Amino acid sequence: MLKKIYSSLPNFKPVIFHEGLNIIVAEKSNPLAGKSTRNGAGKSTIIEILHFLFGGNVDKIFKSEELNEHSFSVDFEINNKDFTITRTAKQATKFYLTITEEEKVVSQAYSKSELIDLLTREFFWDMPETVSFRSTLSYFLRRDADGGFSESTEFIKKQRASDKKKTLSYLLGLDTDLPKEWEDLEMKRKDLNSLNKIMKNGMIDSIKMDSSYLKSEKIVYEERVQNLEAEIAKFEVLPEYRNLEQEANDITAKINDLTDRNFFLNKELAVLNQSLESEQHISTKFSTKDMYEELNILMPDSVYKRFEDVEIFHDSVVRNRRVYLLEEKEEILQRLKGNNEKIDSTAKRRQEIMIILQNKGAIDQYSKLQEELNKMKTRYAEIVNQLKTLEDIANVKTELMTGKAKLIKKMRENQAEQESYIKHAILSINHTLEELYGANHGTRFSVDVNEANGLVVTLSKPDKKSRGINNMLIFSFDIMLIEMNKMLGRSMDFLFHDSHLFDGVDTNQTRTALLAAARKSEELNFQYITTINSDIFSLFSNELDCYKLDINLTDAEESGGLLGIRLK
């Protein structure tokens with residue numbers, strides 16, 4: 001059972017529990033004072049803390065600046081062992097656990113998965129791997145924010161059908177493998193729907209979806225492919241055609257090579273022409289002697305002689321370089337001429353070869369045969385794939401029909417074997433509702449099987465519009481679950497409802513429900529914990545005062561709530 005919830009927050013108000021019925025009363029501020037807030041006292045926060053400590057995700061409230069670094073803890077006793085779990089949002093992946101058994105104390109950090117494995121063994125020792133601990137626990141710790149008070153058989157709004165069936169099968173003592181098998185069949189049904197969509201989207205020829213037609217078509221194309229492959233295997237291209245084809249390829253390579261050479265020779269020729277143009281000898285009208293005399297500079301004849309020698313040498317160099325360049329140019333022109341002649345002659349030969357190949361057509365015939373064979377093979381593969389798809393659809397349909405029939409039979413047999421559990425669950429809910437509404441309450445709880453949904457667990461209500469009646473159905477259903485839990489020998493021994501459960505419920509019925517919870521929790525040795533507003537609790541007689549916990553919560557002031565602070 002739960003013993004205590006506390007925190008490192010300086011002003012946090014510890015919640016200390018006792019056996020049986022526990023009522024946490026919160027003072028509701030005067031609406032006329034402008035401070036009214038239904039949850040300001042922190043009643044729902046207790047549920048959030050328990051989920052946080054029992055392996056749930058980190059709710060945004062714990063990530064707030066005010067709470068992020070503070071720890072929260074819960075003390076509880078189960079299987080004659082005392083446990084303490086401590087966790088902070090800042091180190092959300094670590095759970096610090098202390099276990100005390102016969103004065104032996106062990107403390108260590110656990111990961112989330114390790115903690116859940118341990119809690120599963122302690123609370124639900126016989127839980128199979130197909131069932132989730134967190135889903136099972138959530139039926140005993142419903143949260144209004146998740147839609148937990150919308151439907152009695154669901155702890156969260158729009159709960160996954162497969163998860164719901166597996167969890168309820170476990171809680172009611174039924175075979176949990178059967179809902180898993182049903183889930184597998186549902187996956188195959190979705191595969192079948194996908195195949196049907198492929199057909200509707202035109203990926204398979206809708207005209208040729210008849211398997212008998214496709215089987216005949218397959219045989220026809222199979223023979224065509226075999227015959228054409230045999231024809232191609234016997235087909236031979238004459239040697240001269242292959243030799244001519246090779247010669248044509250060689251000629252093309254030679255022409256390409258000569259063309260590349262000409263490209264570079266023409267580039268060299270352009271460079272030579274530029275050099276020749278720059279080497280043109282420029283003659284002058286004046287000798288060196290005339291130039292100096294023009295400037296009225298008189299120099300010895302020996303000096304003039306030296307200048308004349310230099311001019312003669314320079315003219316000689318220029319003439320020699322020009323002769324060299326002209327010779328280079330002539331050589332390049334001759335090479336270009338030779339290459340062009342080779343190109344013309346080889347191109348002529350290539351043209352002759354191509355005419356021969358085109359006129360004879362042996363290579364074209366061979367290519368056409370290969371192309372036709374590829375088309376036939378493609379069509380043959382399409383037919384095989386279409387047949388495979390049709391066979392898959394037929395097999396899945398057969399498997400679904402036979403598998404579903406067998407599974408429904410197994411489910412009904414299982415329910416017959418566990419009739420005592422189902423009977424106990426039905427009577428438990430009926431007895432609670434009779435206390436609340438009398439013998440003619442008009443509500444029935446059923447556990448059945450049908451072809452459309454497999455396992456169906458329903459708690460019908462006569463007035464679907466009444467929130468109060470719906471909430472009392474949830475109360476009756478959850479009381480049944482904790483009773484079944486005790487009957488099946490499991491150790492989970494607390495059930496927590498916050499004040500949202502009693503929204504819309506008549507005050508007398510709320511009082512009756514709490515008295516029933518007090519009696520049953522004492523008879524079966526479990527805890528029933530609830531929160532309630534003071535304005536409702538004050539309307540009860542004193543017979544419920546002994547179940548009220550010694551904690552003062554109010555939303556009238558910032559420090560009056562559970563946390564002792566108001567979050568931003």
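Mentor: A helix here is a DSSP run of H or I with at least four residues, and helices are numbered from the N terminus. Keep in mind that this is a predicted model.

Trainee: Which helix gives the most to the lining of the largest cavity?

Mentor: Helix H11 does, with 3 residues. H11 spans 362-417, and both this helix and helix H6 (177-200) supply at least two residues of that lining.

Trainee: How many cavities of 30 Å³ or more are there, and what volume has the largest cavity?

Mentor: The count comes to 2 cavities of 30 Å³ or more. For the largest cavity, the volume is about 60 Å³.

Trainee: Which residues line the largest cavity?

Mentor: A lining residue has an atom within 4 Å of a cavity point. In this model the lining consists of Ser169, Leu174, Asp175, Leu178, Pro179, Met411, Asn414, Gln415 and Leu455. Sorted by class, the lining of the largest cavity has 5 nonpolar, 3 polar and 1 charged residues.

Trainee: Next, salt bridges. How many salt bridges does the structure hold?

Mentor: A salt bridge needs a side-chain nitrogen of Lys or Arg within 4 Å of a carboxyl oxygen of Asp or Glu. The structure holds 23 salt bridges. One of them joins Arg142 and Asp478, whose closest N and O atoms are 2.7 Å apart. This pair links distant parts of the chain, 336 residues apart: Arg142 is in the loop between helix H4 (133-138) and helix H5 (161-171), and Asp478 is in helix H13 (residues 467-487).

Trainee: Are Arg142 and Asp478 buried or exposed?

Mentor: Both Arg142 and Asp478 are buried.

Trainee: What does Arg467 form with Asp503?

Mentor: Arg467 and Asp503 form a salt bridge, with their closest N and O atoms 3.4 Å apart. This pair also links distant parts of the chain, as Arg467 is in helix H13 and Asp503 is in the loop between strand E10 (494-497) and helix H14 (507-524), 36 residues apart.

Trainee: Why is Arg467 called partly exposed, and why is Asp503 called buried?

Mentor: Buried means under 20% relative accessible area, exposed means over 50%, and partly exposed is in between. Arg467 has a relative accessible area of 45%, so this residue is partly exposed. Asp503 has 13%, so this residue is buried.

Trainee: Which residue forms a salt bridge with Glu543?

Mentor: Arg511 does, and the closest N and O atoms of this pair are 2.3 Å apart. Glu543 lies in the loop between helix H15 (534-537) and strand E12 (553-554), and Arg511 lies in helix H14, so the pair ties together parts that are 32 residues apart in sequence. Glu543, at 35% relative accessibility, counts as partly exposed. Arg511 counts as partly exposed at 26%. Elsewhere, salt bridges that share partners join Lys3, Glu77 and Asp82 into one network.

Trainee: How many residues of helix H1 are buried?

Mentor: Helix H1 (residues 43-53) has 11 of its 11 residues buried, and is thus described as mostly covered. Its buried residues include Lys43, Glu48, His51 and Phe52. After H1 comes Gly55, whose phi is positive, near 90°.

Trainee: How is a pair of aromatic rings described?

Mentor: A pair of aromatic rings is described by the distance of the centres and the angle of the planes. The structure holds 20 aromatic pairs. Among them is the edge-to-face pair of Phe52 and Phe72, 6.3 Å centre to centre with 90° between the planes. That pair links distant parts of the chain, with Phe52 in helix H1 and Phe72 in strand E4 (residues 71-78), 20 residues apart. Phe52 and Phe72 are buried.

Trainee: Why is the pair of Tyr139 and Phe155 edge-to-face?

Mentor: Planes over 60 degrees apart count as edge-to-face. The ring planes of Tyr139 and Phe155 are at 75°, with the centres 5.3 Å apart, so this pair is edge-to-face. Tyr139 and Phe155 are both in the loop between H4 and H5, 16 residues apart. Tyr139 is buried, as is Phe155.

Trainee: Which residues form one aromatic cluster?

Mentor: The cluster is formed by Phe54, Phe76, Phe83, Phe123, Phe124, Phe133, Phe140, Tyr170 and Phe494. Tyr170 also has the charged end of Arg490 over its ring, 3.6 Å from the centre.

Trainee: Where does the charged end of Arg224 sit?

Mentor: The charged end of Arg224 sits over the ring of Tyr221, 5.0 Å from the ring centre.

Conventions
Residues are numbered from 1 along each chain as its sequence is written. This is a predicted model: local features need pLDDT of at least 70, side-chain atom pairs count only at pLDDT 80 or more; totals for chains, interfaces and linings use all residues. Side-chain values use heavy atoms; hydrogens and water are left out. Buried means under 20% relative accessible area, exposed over 50%, partly exposed in between (1.4 Å probe, protein chains only). On a 1 Å grid over the protein atoms alone, a cavity is a set of points where a 1.4 Å probe fits but cannot get out, and a pocket is an open set with protein on both sides within 12 Å along at least five of seven lines; lining residues have an atom within 4 Å of a point. Grid points are joined across faces, edges and corners, and a volume is the space filled by probe spheres set on the points. Ala, Val, Leu, Ile, Met, Phe, Trp, Tyr, Cys and Pro count as nonpolar, Asp, Glu, Lys and Arg as charged, and the others, Gly among them, as polar. Rings of Phe, Tyr and Trp (its six-membered ring) pair if their centres lie within 6.5 Å; planes under 30 degrees apart count as stacked, over 60 as edge-to-face and the rest as tilted. A charge sits over a ring if NZ of Lys or CZ of Arg is within 6 Å of the ring centre and within 35 degrees of the ring normal.
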